Amino acid sequence: MSGSLVIQTSFLGDVILTTPLIAELARRGAVDVLVTPTGAAALANNPDIRTVIRYDKRGTYGSALGLWQTIREIRGRRPYQAAYLAQGSFRSGAIAMMTGAKERIGFASSTGRFLYTIQLPYRPERHHAERLWSLSMSECADPPTRDQIRPRLYPSDEERSRIDMLLRQSEGSDEPFVALAPGSAWGTKRWPYFPALAKRLADDYRIAIIGSKTDVTLAAEIVEGLAPDRVINGVGLPLLASAELIGRARTIVTNDSAPQHLASAMGTPTLTIFGPTVPEFGFGPLAERHVVAGHESLSCRPCSRHGPQRCPLGHWRCMRELTPEYVSSLLTEVLNPPVPV
C-alpha cells in the first residue's frame, strides 16, 4: 500500500488547518506528511498520520543539498499514489514531482501549479480548512459537515500532566480561567489593550497567558497589572501543552494568529480580534462558539492578507479603535451564549 503524501510547509496555523484533509485521506489509506519542524510539533501523536517527515526549509536543510537529501529520504521510503499540495509554492511542487508521486493535486492558483497533474479551483469564499479538505474530494462532493473540517490536535499524557501541574501550582486552582493570546508574528495584528482587558476580567476569572518565548515582553505587560494569584503564565510552553491549556479555558481572546487555530482544534469558545485582516480570507475561528471583533467602518481594511509589520497609513485605527470595553462586551456573548427557546 503506497498511500498519500501531504506537503504543508507553511505557517503553523496552516498546518493545523490541514488536519481535516489528513483525516479524510486516512480513511482511505496510509498518510505521510512533509512539514517544517514547527509543523511536526503540531502533528505529534496524530493517529491519522503514518510518518511525519521534517523539512527545515529555512535552515541547513533548506539548501539545494538539503532539499535533495529530503527527496531521497522520501523516495527511499515508498512510492506514493498521490501527493497533495497543501502549500502551493514552486518548491513544494518540485518536491512532489521528484518523489515520483503519480498524481500531484493542488490549487489552480498556486505558484507551482504547472507541476501538478490535477488542478482544483481555489474557493476564496470558503474557510481554508474546507479549501484544503476539498483537495481530497471530487467537484461533485457534498459540502462537508462541521466535523469533517474540524481541526484536530492530540496532546500527549505527558503534556496533560504538565498542565495539571501548572494549574496546581497556581492559587485558586479550581477557579475557571480565561486564556489571552497577545502575540503575533505580524506587528499590526497585535491588539494593544490586552493588559486593560485582563484587569477587567480578573475579578471574575483567573488569566492564563498563551504565547511563545518571543511573547515574554507582551506577557509581562499583562502580568504587571494583576495580582500574582490571578495569573497562569503559559508563555513558552511546548506547542501541544499550550493547546491543552487552551482546551481547559472557559474561552480565549486572541489575535488573528496561531492560538486561534489551537482553540478551534480543542473546541474552546473563541473571540478573535481582526485588525488589518478579515475572517473573509478564510482563516477565522472554527470553534462551535465564536465571535470576531473588527473595525467594520474602515475603508482601508483589509490592507494585507497577513498583516504588515507597520500600518501603511500610519494610524493603525483598525486596532487602536477597538476598545477594551467593546471587546469585553463581545466576550460576554461568548461566555454566556443565549439559551435556545
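1. Two strands count as paired if DSSP finds at least two bridges between them; helices (H or I, at least four residues) and strands (E, at least two) are DSSP runs numbered from the N terminus. By that rule, β4 (residues 82-85) and β5 (residues 103-107) pair in the parallel sense over three bridges. Ala 82 has Glu 103 in β5 as its bridge partner.

2. This is a predicted model, in which local features need pLDDT of at least 70 and side-chain atom pairs count only at pLDDT 80 or more, while totals for chains, interfaces and linings use all residues. Residues are numbered from 1 along each chain as its sequence is written, and side-chain values use heavy atoms, without hydrogens or water.

3. β4 and β5 belong to an open sheet of six strands with parallel pairing, ordered β3-β2-β1-β4-β5-β6.

4. Helix α5 (residues 90-98) lies across β1 (4-7), β2 (31-35), β4 and β5, and runs at about 175° to β4.

5. Five of the five residues of β7 (residues 177-181) are buried, so the strand is largely enclosed by the rest of the structure (buried: under 20% relative accessible area, 1.4 Å probe, protein chains only; exposed: over 50%; partly exposed: in between). Phe 177, Ala 179 and Ala 181 cover one side, Val 178 and Leu 180 the other.

6. β7 pairs in the parallel sense with β8 (residues 206-211) over four bridges, with Val 178 opposite Ile 207. β7 also pairs in the parallel sense with β10 (residues 251-255) over four bridges, where Leu 180 has Val 253 as bridge partner.

Terms used:
Contact means heavy atoms within 4.5 Å. Axes are lines fitted to C-alpha atoms, for helices over the stretch in contact, and angles run from 0 to 180 degrees between N-to-C directions.
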